[in-house]
Amino acid sequence: MKLYKPQVQLVRRTKIDEPDEYFLHAVTFCGRTSYRADGHSPIPASAGADGLLAVELSIVQDSALPDFEYLTPVVHTIALGSPVAQGEELIVAVSLGDGSSSRATSNPTTTVSSMDADEDSRPIAW
């Protein structure tokens, strides 16, 4: 299976007097049309001491889908919640995996920081 490095975007939704809420949008290109998103690893409630949050995306080949040799995007959109306190930096490391250690180590990790996050909208007041 030919998988490409995930292209990731981090979106921040700012709430007044509350920690920011984050969302991850990842697009991974596959070399065939028969691949689809198959979830992700459990998302921890908070990032580590260094602000790092690791997310592993799952992609599977589905025999029910047509199998053509065309470059095909597989999309994951994940609500990350508020894994860091207000004002702290969040670093999200995104990797591909299927639960086997060989595949997880052979695919590169894409990292995105809250410094580069897109703003969803105006601040939300609750």
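Begin with Arg 13 and Asp 120, which form a salt bridge whose closest N and O atoms are 2.7 Å apart; a salt bridge here is a side-chain nitrogen of Lys or Arg within 4 Å of a carboxyl oxygen of Asp or Glu. Arg 13 sits in strand β1 and Asp 120 in the segment after β8, 107 residues apart, so the pair links distant parts of the chain. Arg 13 is partly exposed at 26% relative accessibility, and Asp 120 is partly exposed at 36% (buried means under 20% relative accessible area, exposed over 50%, partly exposed in between, with a 1.4 Å probe and protein chains only).

The model is predicted: local features need pLDDT of at least 70, side-chain atom pairs count only at pLDDT 80 or more, and totals for chains, interfaces and linings use all residues. Residues are numbered from 1 along each chain as its sequence is written, and side-chain values use heavy atoms, with hydrogens and water left out.

Next, select Glu 119 and Arg 12, a salt bridge with its closest N and O atoms 2.6 Å apart. This pair also links distant parts of the chain, Glu 119 being in strand β8 (residues 118-119) and Arg 12 in strand β1 (residues 7-13). Helices (H or I, at least four residues) and strands (E, at least two) are DSSP runs, numbered from the N terminus. Glu 119 is partly exposed at 42% relative accessibility, whereas Arg 12 is buried at 15%.

Move to Arg 36 and Asp 62, whose side chains meet in a salt bridge (2.9 Å, N to O). Arg 36 lies in strand β3 and Asp 62 in the loop between β4 and β5, so this pair ties together parts 26 residues apart in sequence. The structure holds 7 salt bridges.

Return to Arg 36: its bridge partner in β4 is Val 60. Strands β3 (residues 35-40) and β4 (residues 52-61) pair in the antiparallel sense over 4 bridges; strands pair if DSSP finds at least two bridges between them. β4 and strand β6 (residues 91-96) pair in the parallel sense over 6 bridges.

Finally, colour by pLDDT, the predictor's confidence in each residue, from 0 to 100. Confidence is lowest in helix α1 (residues 101-106), at a mean of 46, and highest in strand β5 (residues 72-81), at 95.
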